[in-house]
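Colleague: I would like to go through this model with you, term by term. Please show it first.

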Amino acid sequence: MLLRFFGYIFGIGVFLVLIVAVGVAVVLHKYNQDLPDFDVLAKYEPPVMTRIHASDGQLVAEYARERRLYLPIQAVPDLIKAAFLSAEDKNFYEHGGLDPEGIIRALVTNVRNRGSGRRPVGASTITQQVAKNFLLTNELSYERKIKEALLALRIEQAYSKDRIFELYLNEIYLGLGSYGIAAAALNYFDKAVNELTIAEAAYLAALPKAPENYNPFRDTERAVERRNWVIDRLVENGYIRASDGDAAKAEPLEVNPRPRGGYLFASEFFAEETRRNLIDMFGAEKLYEGGLSVRTTLDPKLQQVARAALHHGLMKFDQARGFRGPVKTVDVNGDWGKAVAEIPALFDVPEWRLAVVLAASDDEAVIGLQPRRLASGKHSEDRDTATIPLAQMKWAKSGLKKVSAVLKPGDVVYVEKVPDKPKVYALRQPPEVQGSLVAMDPYTGRVHALVGGFSFAESEFNRATQAWRQPGSSFKPFVYAAALDNGYTPSSVVLDAPLEIQAGREVWRPVNYGGKFYGPSTLRLGIEKSRNVMTVRLAKDMGMPLVAEYAQRFGIYDKLGLYLPMSLGAGETTVMRMVTAYSVLANGGRKIDPTLIDRIQDRFGKTIYQHDQRVCEGCEADAWKGQAEPELVDNREQVLDPMTAYQITSMMEGVVQRGTATVVREVGKPIAGKTGTTNEEKDAWFVGYSPDLVVGVFIGYDKPRPMGKGQTGGVLAAPVFTEFMKVALADAPAKPFQVPPGINLIPIDARTGLQTAGTGGGVILEAFKPGTSPPSSYSIIGYQDSMGRPLTVSPEADKAVATGTGGLY
């Protein structure tokens with residue numbers, strides 16, 4: 001009877017077990033049908049940030065939607081592995097995807113906490129977290145946990161433990177916008193993972209469960225407590241010694257967040273232009289998620305020199321026009337530090353600080369400096385004061401004798417520390433006038449420096465590439481180059497006298513700067529002195545279609561209007577285009593493509609773009625077998641005769657030596673270049689070059705308006721060029737421009753263009769192509785007979801030509 005009873009109970013138990021097994025099988029089958037395809041893990045390519053580097057390897061900028069750097073497991077330090085295993089899944093390398101011990105512990109904890117309102121405790125292994133992060137959602141449900149467990153078992157069967165751990169360490173979110181351990185190490189501590197200390201590695205390992213709960217600034221105590229818990233687990237699991245653990249726990253939590261965006265000082269305009277180029281080349285998704293490694297052409301030293309030179313030029317012009325007023329006015333009664341801290345400063349002009357005027361007397365202003373920003377993003381509670389003496393703000397107003405006549409309490413202004421004088425500052429203001437500078441290698445088109453304005457923080461508009469402005473007389477060399485390429489010589493003589501151009505009912509009368517006319521002059525003299533009327537006559541004599549062809553050939557304009565005023569630079573172009581065009585003159589006439597990028601590699605290190613497209617014949621040989629050395633073949637288009645390029649270069653050397661840009665002689669090296677000034681001095685240019693470096697400078701208001709009488713390219717832009725080149729070429733030898741084979745250098749009279757045997761200030765060596773020579777008679781372009789033929793006169797007649805009573809137009 002008893003045996004029958006136990007048999008009956010056993011049968012019911014077996015039946016119930018079968019029912020449960022069938023139920024479990026049905027449930028598992030159901031969820032197995034809906035599981036996502038975990039094969040995507042094999043093809044997984046996480047979004048990785050793109051990094052832009054300068055030519056010397058320095059980091060310029062990073063771009064990403066998720067700040068992530070992918071590290072293979074072999075590159076992950078043992079300390080990092082140990083910290084995350086101790087914090088998240090100490091049995092990871094022993095279990096098969098699920099941790100039974102952890103599951104039981106979590107169940108017991110959740111039963112105890114039932115009804116307490118606490119969040120349920122999980123027992124997810126690293127494999128389960130990979131399944132959730134890659135294939136599932138963060139939904140809190142038993143259904144998701146079942147799917148997570150099933151996927152974990154499948155993943156463990158398909159992939160090695162190291163591969164699973166690698167995916168986890170690179171995918172996990174660790175706060176501050178950081179995905180993966182490599183990005184987190186940089187963003188929290190500004191270090192590579194192999195530089196992290198025990199305390200730092202433990203803190204990162206404390207973050208995966210809830211990074212916002214352990215914010216190093218907002219929840220410092222909780223963060224340290226959680227970090228120390230991880231350190232204890234490292235000791236408990238035998239990864240570190242107890243003494244090392246105690247020392248690590250005693251360390252403060254010193255987080256040093258890495259700045260976002262640009263990292264290299266003064267590179268903001270360059271980095272932004274590179275970013276735009278990358279989007280044009282590959283699209284936004286590839287830029288922000290593709291993990292590109294971009295090696296740019298940026299020379300960090302030249303970039304800082306370019307920024308300083310342009311700043312000095314803009315500030316000199318602006319300060320001559322006085323102080324325009326404070327940035328803002330605040331109430332200084334109470335905590336003035338908090339009031340001024342809320343005003344955004346120019347982050348890319350670190351030598352300046354915002355300050356509020358606390359008191360102003362005759363001799364000085366007492367100022368309160370904007371509190372420094374701490375690593376947490378908050379402003380310091382310290383309140384520093386200083387003074388602005390009258391001597392450091394004389395520029396603010398003509399004849400200024402009292403500080404209080406310009407500044408009053410509550411005025412928020414920019415100031416700059418005066419060297420060697422503690423707590424003494426000078427008054428500053430961001431200039432209204434703007435400008436740009438581009439420095440380029442004329443043989444490769446590599447842009448070494450690019451400054452697009454006074455401050456990127458103030459305005460991201462890039463005046464080097466986005467501002468379309470009239471180049472004025474800096475366009476004239478290309479009119480003269482067209483002439484020299486088509487039968488004219490540097491000693492050809494053009495009439496500089498009043499000229500009328502009929503255009504419909506309108507009559508245009510071009511004039512020279514200053515309103516004077518100088519009679520017959522050589523082409524060289526015309527470009528050295530920037531004679532407008534001569535240039536118009538020359539363009540009229542050649543025909544504007546030829547001028548337009550050359551302008552397009554050099555890339556200055558896509559399509560130049562066939563109007564004579566265009567020969568004076570009335571069309572709009574950019575500084576980058578002008579510098580590129582001058583580079584063609586500097587390199588002997590070969591077309592170049594400007595570039596900010598040398599090379600681009602994908603996330604795997606494969607080169608997917610290279611600017612240098614020259615063909616290397618013989619570079620693919622497996623070994624040397626007596627063949628000739630490899631040869632780089634320059635297959636770029638020759639857009640100008642090399643002899644013409646040298647002639648125009650020689651003429652523009654005269655601009656520096658005797659013409660409108662004599663200030664550039666201070667460089668002390670061979671320089672060729674040309675000034676440019678537009679009507680009413682709205683635009684000021686200087687573009688010039690040494691044999692190895694081309695630099696263009698533009699200055700003008702963003703909304704074009706007169707800058708004042710006399711504010712020409714030679715006065716405003718040329719000094720900026722000079723300051724830059726003096727530093728850029730300081731260590732370079734005084735290298736002369738190379739004379740092409742075949743050029744004949746013949747002494748001529750600079751005034752008449754006729755050959756001379758004499759010497760002295762009026763005699764120069766002029767460059768002539770084979771088959772050409774100085775004229776034997778004075779043939780004047782623009783001085784014609786009734787048949788339209790140039791008249792030949794004696795040099796003594798030039799005064800009469802220039803001052804005659806008419807009939808010479």
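Colleague: Why is E101 called partly exposed?

Modeller: The relative accessible area of E101 is 47%. Buried means under 20%, exposed means over 50%, and partly exposed is in between (1.4 Å probe, protein chains only). So E101 counts as partly exposed. E101 sits in helix 3, residues 100-112.

Colleague: What should I know about the model itself?

Modeller: This is a predicted model: local features need pLDDT of at least 70, side-chain atom pairs count only at pLDDT 80 or more, and totals for chains, interfaces and linings use all residues. Residues are numbered from 1 along each chain as its sequence is written, and side-chain values use heavy atoms, with hydrogens and water left out.

Colleague: How many helices and strands does the protein chain have?

Modeller: The protein chain has 22 helices and 28 strands. Both are DSSP runs, numbered from the N terminus: helices are H or I with at least four residues, strands are E with at least two. Of the 809 residues, 50% count as buried.

Colleague: Why are helix 2 and helix 8 called oblique to each other?

Modeller: Two packed helices are described by the angle between their axes and the distance between the axes. The axes of helix 2 (residues 78-88) and helix 8 (residues 198-205) cross at roughly 45° and come within 9 Å. Axes are lines fitted to C-alpha atoms, for helices over the stretch in contact, and angles run from 0 to 180 degrees between N-to-C directions. Under 35 degrees counts as roughly parallel, over 145 as roughly antiparallel, 65 to 115 as roughly perpendicular, and the rest as oblique. Helix 2 and helix 8 are therefore oblique.

Colleague: Which residues make that contact?

Modeller: Helix 2 brings L79, I80, A83, F84, A87 and E88, while helix 8 brings I198, A201, L204 and A205. Contact means heavy atoms within 4.5 Å. These residues divide into nine nonpolar, no polar and one charged. Ala, Val, Leu, Ile, Met, Phe, Trp, Tyr, Cys and Pro count as nonpolar; Asp, Glu, Lys and Arg as charged; the others, Gly among them, as polar.

Colleague: How do you know that helix 2 is mostly covered?

Modeller: Eight of its 11 residues are buried. Among them are I80, F84 and L85.

Colleague: What makes helix 9 and helix 10 roughly antiparallel?

Modeller: The axes of helix 9 (residues 220-236) and helix 10 (residues 242-249) cross at roughly 175°. That angle falls in the antiparallel class, so the helices are called roughly antiparallel. R227, N228, I231, D232 and V235 in helix 9 meet A242, G245, A248 and K249 in helix 10. The contact has four nonpolar, two polar and three charged residues.

Colleague: Why is strand 23 called largely enclosed?

Modeller: Seven of the seven residues of strand 23 are buried, so the rest of the structure largely encloses this strand.
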